[in-house]
Amino acid sequence: MSLSSILENCGLTIAKHEPVHGGDINRSFCLYTREAKYFLKVNDAARYQGMFEKEAKGLGALVKNTAAIRIPRVIKFGLTEQEQYLLLEWIETGKPRTDTMEKFGSAVAIMHQQEQSYFGWEEDNYIGSLPQHNTKYDSWPLFYSECRIMPLIQLLFNAGAFTKQDIVIAESFCKKLSQLFPPEPPALVHGDLWAGNFMVTSKGDVAIYDPAVYYGHREMDIGMTKLFGGFDQRFYDAYNAMYPMEKNWLHRLPLAQLYPLLVHAVLFGGHYTGGAREIMKRFSG
């Protein structure tokens with residue numbers, strides 16, 4: 001369908017619009033009005049049912065739980081014929097200050113310190129283009145097993161990427177989770193906190209976006225930050241100063257990284273499949 005219908009539905013008087021490149025799920029645009037700029041995302045409503053409504057709720061949860069990180073303000077989300085859209089404020093990029101990463105680390109730690117009442121979320125949502133199950137549990141090992149690991153293992157088995165032996169290994173891995181993760185209260189996690197989902201604003205602050213939120217073990221966010229290159233060390237130092245990580249957290253990083261690796265294995269295959277298999281073998285023995 002034409003973009004004009006969506007622009008009309010947004011309720012703005014658009015002077016011009018330009019495509020924004022970089023994503024593989026959405027069509028994205030910068031919208032210009034006389035007063036401001038906006039960020040618009042559009043995708044197939046049937047293929048990704050409710051994605052932008054769920055994303056808007058995730059951004060709202062982040063806003064409520066952190067005051068020191070910039071979260072894009074949701075202007076509107078909706079449906080127009082076969083497509084859905086999410087309209088956000090536009091955030092200008094800038095250069096970091098000398099204390100930017102320290103403040104970022106401290107802010108994430110403060111967010112994680114706010115204890116929640118269960119593991120899971122109020123509804124299922126998405127991580128990238130993949131549906132994410134968020135059934136409520138009182139136990140992190142059970143939640144991680146039932147809502148994160150085994151559903152993706154089954155998808156990979158159905159696709160022929162994993163064997164029956166891989167399922168046995170995954171089940172053995174899941175049975176050991178209570179011995180592997182240190183007990184911690186549920187924390188709101190961004191859920192997809194890597195370098196591609198944060199930016200430095202024109203004021204030198206950090207903004208985060210594209211969440212896959214739920215209440216989980218905080219090491220999930222920390223593991224994700226280190227999966228694709230890692231953040232500046234000042235982020236981790238400030239985080240640890242505010243909310244010290246449990247002993248041997250670096251050794252446990254692969255446990256937290258298993259879920260995003262499985263997500264990538266489902267979406268992209270390749271070496272992600274082997275990487276996920278090796279983590280399960282290493283920790284299930």
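The legends below describe close-up views of one predicted model.

Residues are numbered from 1 along each chain as its sequence is written, and side-chain values use heavy atoms, with hydrogens and water left out. Because the model is predicted, local features need pLDDT of at least 70 and side-chain atom pairs count only at pLDDT 80 or more, while totals for chains, interfaces and linings use all residues.

**View 1. Five strands form an open sheet.** The 5 strands follow the order S1-S2-S3-S5-S4, with antiparallel pairing. Helices (H or I, at least four residues) and strands (E, at least two) are DSSP runs, numbered from the N terminus, and two strands pair if DSSP finds at least two bridges between them. Strand S1 (16–20) and strand S4 (74–80) are the edge strands, each pairing on one side only. Neighbouring strands of this sheet are turned by 25 degrees against each other on average, direction ignored. Axes are lines fitted to C-alpha atoms, for helices over the stretch in contact, and angles run from 0 to 180 degrees between N-to-C directions.

**View 2. Strands S4 and S5 form a hairpin.** The two strands run antiparallel and are joined by 6 bridges. Lys76 has Leu87 in S5 as its bridge partner. Between S4 and S5 lie 2 residues, and Glu81 in the turn has a positive phi of about 55 degrees.

**View 3. Arg27 and Glu83 join two strands by a salt bridge**. A salt bridge is a side-chain nitrogen of Lys or Arg within 4 Å of a carboxyl oxygen of Asp or Glu, and by this rule the count comes to 16 salt bridges. Side chains of opposite charge can pair when their charged atoms come close. In the salt bridge of Arg27 with Glu83, the closest N and O atoms are 3.0 Å apart. Arg27 lies in strand S2 (residues 27–32) and Glu83 in strand S5 (residues 83–89), so the pair ties together parts that are 56 residues apart in sequence. Relative accessible area is under 20% for buried residues, over 50% for exposed ones and in between for partly exposed ones (1.4 Å probe, protein chains only). Arg27 is partly exposed at 34%, whereas Glu83 is buried at 12%.

**View 4. Lys57 belongs to a network of salt bridges**. The network links Glu53, Lys54, Lys57 and Glu123. Lys57 forms a salt bridge with Glu123, and their closest N and O atoms are 3.4 Å apart. This pair links distant parts of the chain, with Lys57 in helix H2 (residues 51–65) and Glu123 in the loop between helix H3 (100–113) and strand S6 (125–127), 66 residues apart. Both residues are partly exposed: the relative accessible area is 32% for Lys57 and 22% for Glu123.

**View 5. A salt bridge joins Arg218 and Glu184**. The N to O distance between their side chains is 2.6 Å. Arg218 lies in the loop between strand S11 (214–216) and helix H7 (219–225), and Glu184 in the loop between helix H6 (177–180) and strand S8 (187–189), so the pair ties together parts that are 34 residues apart in sequence. Arg218 and Glu184 are both buried.

**View 6. The largest pocket has Asp210 among the residues closest to its centre**. On a 1 Å grid over the protein atoms alone, a pocket is an open set of points with protein on both sides within 12 Å along at least five of seven lines, and a cavity is a set of points where a 1.4 Å probe fits but cannot get out; lining residues have an atom within 4 Å of a point. Grid points are joined across faces, edges and corners, and a volume is the space filled by probe spheres set on the points. The largest pocket holds about 1,200 Å³ of space. Of its 45 lining residues, Gly23, Asn26, Lys41, Asn197 and Asp210 are the closest to the centre. S3, H2, S5, S6 and H9 each give two or more residues to this lining. Asp210 is not a glycine, yet has a positive phi of about 50 degrees. This residue is in the loop between strand S10 (206–208) and S11, and is partly exposed at 31%.

**View 7. The largest cavity has a volume of about 60 Å³**. The count comes to 1 cavity of 30 Å³ or more. Among the lining residues are Ile127, Asp192, Tyr214, Met220 and Tyr259. H7 and helix H9 (249–268) are the elements that give two or more residues to the lining.
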